[in-house]
Amino acid sequence: MKIHEYQAKELLARYGIPVQRGAVAFKPREVRRLAEKMALKEIVLKAQVHAGGRGKAGGIKLLHSPAEAEDAAAKMFGMRLVTPQTGAEGKIVRRILVTEAAEISRELYAGIVLDRARRQLVFMVSQAGGVEIEKVAEESPEKIIKEYVDRAAGLQPFQARRMAFALGLTGPLFREGVRLLLALYEACIQCDASLLEINPLVVTPDQKLLALDVKLNVDDNALFRHPDIQEMRDTGEEDPLEVEASSSNLNYIKLDGNVGCMVNGAGLAMATMDIIKLAGAEPANFLDVGGGASAETVENGFRIILSDRNVRAVLINIFGGIVRCDRVARGVIEASKKIGVTIPVVVRLAGTNAEEAALLLQQSGMNFGVARDLAQAAELVVAALNKPN
């Protein structure tokens, strides 16, 4: 789950990490009131959307009075912010962080992410702060210093000192840097973060460190431990279909293709999308209905898939291990009749009672394409796509 910058800063402040004064506003009038209340001489307005690259897209403004800030906010609220991370559709600005401007001597980077290949958290620092770390990694990988963290032992002080040295920190600033890096790791662990980064981490002219911009993603599977963080969820920043799917306990991610996929099991879902692409079509989504594909979950899955206007055919690929294939087939038939599915549906069921399931589908009186294996299922769905209306 992603949270906004101002929320991430609130969390980091609990661990003693220095952040700017600031507050969030939802209306232009609130922007002026907050700027006056904080007696800000120079005011920075930052659009709160779940994407980076806001500055170049007009999502960050420097103003010199509360009146100017209110006028700028009136133009910023409701604008569609398009950045490399939002895609062409962009994000609507509904919240603005009102904060004080900071004097900057240097811009650094510090971040923690899960390295899935090594199954370890990796702490990364760089003196090339203020730009996307992906760009630094591509163009100047030698500028990124990595420290892999043993989960049992945690981040060790010697590792923090090594990273502070790599950042070019000296004297009292070195000690402050070590303390900040250790605190950042503690925040990452305690919040069950899958990504936590400060970019830029700035050095001010009076030789202090300040977290100028923060990004924090929390592991969805750990949210039950963090009801306070769960309340920070902004569903307005998420795809409406993904929000609906999560409320039905379905794992759904919208893609750009035209073949809707309904599968049980994440690995099988990935394989299904791959073979659709191999057959010459494009998957419209990742949808894992879980181990127990009941009539209810199939119906919910259908509703979500068919809400995507780009979907022109559906491929259902279910392995009957926990659930019997004949029960899934009945669920597919029942849900199709209830919803009134009008586009081609190809079904491949394998496992317990697969033959009975195929017979039920063929005798349903509905125009299902029944496949013996996944390769045939992909061929059938592509043929359905290419069939003239």
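This note walks through some points of the structure for a reader meeting it here.

1. **Ground rules.** This is a predicted model, in which local features need pLDDT of at least 70 and side-chain atom pairs count only at pLDDT 80 or more, while totals for chains, interfaces and linings use all residues. Residues are numbered from 1 along each chain as its sequence is written, and side-chain values use heavy atoms, with hydrogens and water left out.

2. **The overall picture.** The protein has 13 helices and 18 strands; helices (H or I, at least four residues) and strands (E, at least two) are DSSP runs, numbered from the N terminus. Its C-alpha atoms fill a box of roughly 80 × 50 × 40 Å along the principal axes. Of the 389 residues, 49% are buried, where buried means under 20% relative accessible area, exposed over 50%, and partly exposed in between (1.4 Å probe, protein chains only). A contact means heavy atoms within 4.5 Å. Among contacts between residues at least 6 apart in sequence, 68% join residues at least 24 apart.

3. Look for four strands in the order E1-E6-E2-E3, with antiparallel pairing; two strands pair if DSSP finds at least two bridges between them. Strand E1 (22–25) and E3 are the edges, each pairing on one side only. From one strand to the next, the twist averages 20°. Inside the sheet, E2 and strand E6 (residues 96–100) are joined in the antiparallel sense by five bridges.

4. Helix H3 (residues 66–76) lies across E2, E3 and E6, and runs at about 15° to E2.

5. The whole structure holds 18 salt bridges, each being a side-chain nitrogen of Lys or Arg within 4 Å of a carboxyl oxygen of Asp or Glu. Arg54 and Glu5 form one of them, with their closest N and O atoms 3.0 Å apart. This pair links distant parts of the chain, 49 residues apart: Arg54 sits in the loop between strand E2 (43–47) and strand E3 (60–63), and Glu5 in helix H1 (residues 5–13). Are the two partners buried or exposed? Arg54 counts as buried at 6% relative accessibility, and Glu5 is buried with a relative accessible area of 6%. Both belong to a network of salt bridges that links Glu5, Lys9, Lys46, Arg54 and Asp213.

6. **Two further salt bridges.** Glu147 pairs with Arg162, the closest N and O atoms being 2.5 Å apart. Glu147 is buried, at 7% relative accessible area, whereas Arg162 is partly exposed, at 43%. In the salt bridge of Glu282 with Lys277, the closest N and O atoms are 2.7 Å apart. Glu282 is partly exposed at 39% relative accessibility, and Lys277 is partly exposed at 49%.

7. **An enclosed strand.** Why is strand E14 (residues 259–263) described as largely enclosed by the rest of the structure? Because five of its five residues are buried. Both faces of E14 are covered, with Val259, Cys261 and Val263 on one side and Gly260 and Met262 on the other. E14 runs parallel to strand E16 (residues 313–320), and five bridges join them. Val259 stands opposite Ala313 in E16.

8. **A helix pair.** Two packed helices are described by the angle between their axes and the distance between the axes. For helix H11 (residues 325–339) and helix H12 (residues 354–362), the axes come within 7 Å and cross at roughly 20°. That makes H11 roughly parallel to H12; angles under 35 degrees count as roughly parallel, over 145 as roughly antiparallel, 65 to 115 as roughly perpendicular and the rest as oblique. The residues that meet include Cys325, Ala329 and Ile333 in H11, and Ala354, Leu360 and Leu361 in H12.

Conventions
Axes fitted to C-alpha atoms, helices over the stretch in contact; angles between N-to-C directions.
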